[in-house]
Amino acid sequence: MRSIIEQNKVLLRSFVFTILILFVFGWIAQLVSRHQIAAFDNKITDAVRSVRSDAMTAVMKGFTQLGSEYLVILIVIAFSLLFAFIGYRRELIFYLGVIVGSALLNLLLKTIFHRTRPDINRIIEASGFSFPSGHSMSAFTLYGITIYFLWKHLKYRWMRVAAILVGVVIIAMIGISRIYLGVHYPSDVVGGYLVSAAWLTISIGLYERFLEQRWLSRKLRLRGGKSEGPSST
């Protein structure tokens, strides 16, 4: 049998990365709370808004819709039905748990920080508190967990790489669109990404550990019978 450290390698890495990410988030959150991040926000906001045009505004409105509450709900329902149809019960529970957990975490953090949204040069209207960005968190969580499942199940490496690239572009552009449209500060977007990254990292680490434990238990039951590796279903 492998050592305890070997068995928990993925989970240990997940904990380490989660702590590091949360440390950076805590640092940014402290700057936000002390109103000491205006220089960073203004510099990035000016750079993003310097490319404003009618065509770019249409593009940014399109990207921001990819992180909208209604579209996120539709995507979640579609994937949930797919998992249910093909019998992936564990994946379904994990998927819904990650999505719902991220939404609740965003609500909690917004309530804690009470940061008001920018109110200058808005192109669209948005309500609620600003930090961390809900669009950024939901996009990172939704498209991040989707990439994770695609990586596990896509047959060819080029497909996996393509899924990652498309996902990264969508996530990044949703965040940029929120700054461009004047409804979030850059630090809101960065904060949202960091919280979601931490949440996904520890969630996936725990899930992978669960799958490995399940595989080891099955292996023991089979008394050394052949097994290809941890099951994903």
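Analyst: Phe79 and Phe83 sit four residues apart in helix α5, so about one helical turn separates them. Helices here are DSSP runs of H or I with at least four residues, strands are E runs of at least two, and both are numbered from the N terminus. This is a predicted model, where local features need pLDDT of at least 70 and side-chain atom pairs 80 or more, while totals for chains, interfaces and linings use all residues. Residues are numbered from 1 along each chain as its sequence is written, and side-chain values use heavy atoms, with hydrogens and water left out.

User: How many aromatic pairs does the structure hold?
Analyst: It holds 15. Phe79 and Phe83 have ring centres 6.4 Å apart and planes at 50°, so that pair is tilted. To pair, rings of Phe, Tyr or Trp (its six-membered ring) need centres within 6.5 Å; planes under 30 degrees apart are stacked, over 60 edge-to-face, the rest tilted.

User: What about Tyr95 and Phe149?
Analyst: Also a tilted pair, 6.3 Å centre to centre with 55° between the planes. Tyr95 is in helix α6 and Phe149 in helix α7, so the pair ties together parts 54 residues apart in sequence. Both residues are buried.

User: Which residues do ring pairs link into a cluster?
Analyst: Phe79, Phe83, Phe94, Tyr95, Tyr148, Phe149, Tyr207 and Phe210.

User: Switching topic: what volume does the largest pocket have?
Analyst: About 870 Å³. Of its 33 lining residues, Gly67, Glu69, Gly134, His135 and Ser138 are the closest to the centre. A pocket is an open set of points on a 1 Å grid over the protein atoms alone, with protein on both sides within 12 Å along at least five of seven lines, and lining residues have an atom within 4 Å of a point. The volume is the space filled by probe spheres set on the points, which are joined across faces, edges and corners.

User: Which element gives the most to the lining?
Analyst: That's α6, with eight residues.

User: Last one: which ring does Arg160 lie over?
Analyst: Arg160 lies over the face of Trp151, 5.1 Å from the ring centre. That label needs CZ of Arg or NZ of Lys within 6 Å of the ring centre and within 35 degrees of the ring normal. Arg52 lies over the face of Tyr180, at 5.5 Å.

Note on methods. On a 1 Å grid over the protein atoms alone, a cavity is a set of points where a 1.4 Å probe fits but cannot get out, and a pocket is an open set with protein on both sides within 12 Å along at least five of seven lines; lining residues have an atom within 4 Å of a point. Buried means under 20% relative accessible area, exposed over 50%, partly exposed in between (1.4 Å probe, protein chains only).
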